[in-house]
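Here's a quick briefing to read with the model open beside you. Take it topic by topic and click along as you go.

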Amino acid sequence: GIGFTPDVVIIKGNTNQAAVIRTSSMTGDNSKPLVGATALSTNRIQSLDSDGFTLGTHDTVNKDGITYYWMAFKTAPGQMTVGTYSGNGTAGSVTALGFSPAYVMVLSAANYNAVQRSTAMPSTFYFDSDSGTANSITSLNADGFSVANNSRVNSRGITYYYVAWKAVADRMNVGSYVGNGSDNRSITGAGFAPQYVILRPDATASNKNSAHKSAATGSTTDVALNFYASANSTNRVQALETDGFQVGGDNQVNQNSKTYYWMAFTGAGP
């Protein structure tokens with residue numbers, strides 16, 4: 001019932017299980033946990049279908065009595081794309097995206113952590129806690145992105161899957177802010193009312209885990225999702241607003257003097 005064939009689906013339940021992602025580049029019964037050094041896994045998101053997606057029975061996506069939140073995206077020329085490349089262990093570039101990406105996820109088929117980088121970020125980060133690394137996604141370029149020889153993005157013989165978004169008016173944007181510790185703080189500048197927001201703390205924050213909020217949690221309801229194995233949280237991303245979002249005072253999203261990076265998205269396709 002989602003109205004299109006998705007190219008990316010992210011699922012996170014209100015439970016102590018990690019978030020998972022599947023892209024249309026992945027084959028067979030495979031999806032990728034977004035936290036931990038875990039390879040592609042079966043029995044999660046089993047396929048992306050003409051009007052939705054198919055689930056297995058694993059607790060990350062389909063435990064009896066648990067509420068799950070899904071975010072689905074469709075590729076669009078000049079706006080968003082997915083793809084794959086084979087690692088060669090030598091620094092190089094992934095090209096022919098058709099646009100300059102503002103945000104990229106790289107997902108290893110092997111047991112290496114999923115990583116992310118935006119144009120606002122000074123380095124590459126996990127979706128869970130880490131201090132960032134300078135030798136993973138090294139730059140976002142005019143027609144793609146560059147990677148170093150780090151195993152998370154470019155180990156010889158390993159397949160890597162990527163998702164890339166361009167900053168497009170009324171659809172997707174990235175940015176950053178400096179925390180001040182205050183509750184009910186509005187972060188503006190997205191340029192639209194987002195339906196999905198991802199936040200990543202900088203390396204110096206005391207809680208370095210990414211947080212995310214979907215409109216499905218209630219745009220004005222103080223409920224946010226974690227990528228790591230934890231149930232929903234309050235006092236993080238508290239609301240989705242007309243030009244951005246509201247954060248609480250928790251150190252995961254608003255520690256005084258610490259920098260936070262945000263990625264905001266509207267609907268699932270053009």
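Let's start in a loop: Asn 43 sits between strand 3 (32-33) and strand 4 (45-49). Helices (H or I, at least four residues) and strands (E, at least two) here are DSSP runs, numbered from the N terminus. Keep in mind that this is a predicted model, where local features need pLDDT of at least 70 and side-chain atom pairs count only at pLDDT 80 or more, while totals for chains, interfaces and linings use all residues. Residues are numbered from 1 along each chain as its sequence is written, and side-chain values use heavy atoms, with hydrogens and water left out.

- Asn 43 has a phi near 70°, a positive value in a residue other than glycine.
- Most residues other than glycine have a negative phi.
- Asn 43 counts as partly exposed because its relative accessibility is 26%; buried means under 20% relative accessible area, exposed over 50%, and partly exposed in between (1.4 Å probe, protein chains only).
- Ser 257 isn't a glycine either, yet its phi is positive at about 70°.
- You'll find Ser 257 in the loop between helix 3 (251-254) and strand 22 (259-265).
- With 51% relative accessibility, Ser 257 counts as exposed.

**Aromatic pairs**
- Searching the whole structure turns up 17 aromatic pairs; rings of Phe, Tyr and Trp (its six-membered ring) pair if their centres lie within 6.5 Å, with planes under 30 degrees apart called stacked, over 60 edge-to-face and the rest tilted.
- One of these is Phe 53 with Trp 70, an edge-to-face pair at 5.7 Å centre to centre and 70° between the planes.
- That pair ties together distant parts of the chain, with Phe 53 in strand 5 (residues 52-55) and Trp 70 in strand 6 (residues 68-73), 17 residues apart.
- Trp 70 counts as partly exposed because its relative accessibility is 40%.
- Elsewhere, ring pairs connect Phe 73, Tyr 103, Trp 165, Tyr 196 and Phe 265 into a cluster.

**Strands and sheets**
- Strand 6 is mostly covered, with five of its six residues buried.
- Six bridges pair strand 6 with strand 1 (residues 8-13) in the antiparallel sense; two strands pair if DSSP finds at least two bridges between them.
- Across that pairing, Gly 13 stands opposite Tyr 68 in strand 6.
- There's also an open sheet of five strands, ordered 15-22-17-18-19 with antiparallel pairing.
- Its edges are strand 15 (172-178) and strand 19 (225-226), each pairing on one side only.
- Strand 17 (residues 196-201) and strand 18 (residues 211-214) run antiparallel, joined by four bridges.
- Val 197 stands opposite Lys 213 in strand 18.
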